[in-house]
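Open the structure in your viewer and keep the selection tool at hand. We will go stop by stop.

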Amino acid sequence: TVPPRVGVAIGDQVLDLQLAAAQCPWAEEVYPLLEPLAAGDLAAFMALGRPAWQLLRAALSAALAEDSDQGPFLELCLHPQAGLAMLMPCTVRDYTDFYIGIHHATAIGQMLRPTHPLLPNYKWLPIGYHGRASSVGLGGPLRRPRGQIRLAADAPPVYTPTRRLDYEMELGLWVGVGNPAGEPVDMAEAEDRIFGVTLLNDWSARDLQSWEYQPLGPFLSKSFATSVSPWLVSLDALAPFRRPLQRPEGDPAPLAYLDSPANRAHGSFGITLEVWLQTARMRAARLPAVRLSQADMAEAAYWTPAQLLAHHSSNGCPLATGDLFGTGTLSGPGPGQGGSLMELSRGGREPLQLPGGEQRCFLEDGDTVALRAYCEAPGAVRIGLGAVAGTVIGA
């Protein structure tokens with residue numbers, strides 16, 4: 001068995017950093033940075049902090065540039081992505097899921113509370129709940145979960161497989177450097193502690209959720225599975241795609257501990273998010289996956305990554321290397337921009353029409369959901385965030 005190691009995605013190839021450390025000449029200060037990556041220990045590298053992340057990123061970029069002296073060495077360190085087995089980036093130490101997609105929160109709120117869809121606290125703090133780290137994985141087969149659901153208001157609940165299985169299009173933020181207990185992180189330092197961004201699917205059993213979520217929030221309706229992609233993209237790599245924090249006219253300004261001039265000017269990111277679906281019948285008929293939705297993070301997110309970390313630590317909560325934040329569902333305001341079937345089907349009242357004559361309100365056994373994302377901007381090289389896919393199997 002080949003021991004795990006960390007790689008850098010380059011098109012359809014992966015640069016093997018174990019081979020690169022051994023076969024390519026580097027500046028003296030680069031070797032200690034490559035050492036944990038060559039050993040497959042991304043968490044140890046994450047813990048070194050942003051100056052180390054930036055130094056290695058600059059060294060790799062220079063080495064991969066056309067006509068560099070190191071280029072011929074690195075060509076021998078490439079593997080086709082298709083032939084590699086992907087692993088989790090690192091062990092998830094803890095997992096928190098936020099709710100920063102304001103259009104998603106509004107759409108769901110309108111189904112539950114038509115006259116006041118957003119609760120009074122929504123525009124004052126990033127709402128979140130503590131999820132289950134042990135069920136975070138890379139995707140693949142997803143067994144339909146069982147739980148309590150209530151079929152009628154005047155009937156007792158039943159324990160049964162969920163009938164309203166859903167996905168949620170999110171981004172994941174990985175903490176690289178934590179904070180000691182009792183020492184909140186200032187907004188000026190918050191981004192320096194976020195190592196990278198990944199795709200995240202927060203699978204949800206909507207019928208379990210509606211029965212259990214009051215008064216303490218999601219529990220078994222969420223904890224059965226959360227899927228992330230294996231690729232992490234650093235905030236430095238996303239620099240060309242930064243966007244201002246957008247707030248509607250008349251909304252309250254964030255409290256001081258959640259505010260900074262830099263965050264207002266470029267705290268968000270322009271990331272295009274897509275959800276694709278292929279049913280079992282579509283696969284059998286050789287029909288390709290169909291795109292269900294497309295949205296943009298900068299338009300969807302009411303809070304920024306820096307605000308999430310600053311708020312999470314604001315009560316003195318200690319964060320650590322390997323902590324994972326989910327953003328919450330990132331939906332746009334228009335048709336075809338919902339990041340969940342709950343939104344796209346309006347709670348199951350308006351089924352989606354699929355190629356081949358099928359319909360969907362919620363996921364059925366055999367359905368494969370794939371999340372994809374990329375960044376584009378004039379004068380910048382397009383960046384992909386990879387993909388994460390899962391296929392529903394029967395309970």
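Select β22 and strand β23, residues 383–393: 7 bridges join them, and the two run antiparallel. This is a predicted model. Now pick out T368. Its bridge partner in β23 is T391.

Is β22 mostly covered or mostly open? Colour residues 368–375 to see the strand: it is mostly covered, with 7 of its 8 residues buried.

Next, the open sheet. Select β5, β4, β19, β11, β12, β14 and β6, which is their order across the sheet. That makes 7 strands, and the pairing is mixed. Which strands stand at the edges? Select 128–130 for β5 and 136–137 for β6. Each has a single partner strand, so one side of each is left without a neighbour in the sheet.

Now move inside this sheet. Select β11 at residues 169–175 and β19 at residues 324–326. The two pair in the antiparallel sense over 3 bridges.

Last stop: the surface. Select I10, L64 and L78. Together they make a nonpolar surface patch of about 200 Å². L78 lies in strand β3, residues 78–80. How exposed is L78, and what is its relative accessible area? L78 is partly exposed, at 31%.

Note on methods: Residues numbered from 1 in each chain as written. Predicted model: local features only at pLDDT ≥ 70, side-chain atom pairs only at ≥ 80, totals over all residues. Heavy atoms only, no water. Pairing = 2+ DSSP bridges. Helix = DSSP H or I, 4+ residues; strand = E, 2+ residues; numbered from the N terminus. Buried < 20%, exposed > 50% of the residue type's maximum accessible area, 1.4 Å probe, protein only. Patch = residues over 30% accessible without salt bridge, like charges linked within 9 Å, V, L, I, M, F, W, Y side chains within 5 Å. Areas by Shrake-Rupley, 256 points an atom, 1.4 Å probe, with all protein chains shown as cover. Salt bridge = Lys/Arg side-chain N within 4 Å of Asp/Glu carboxyl O.
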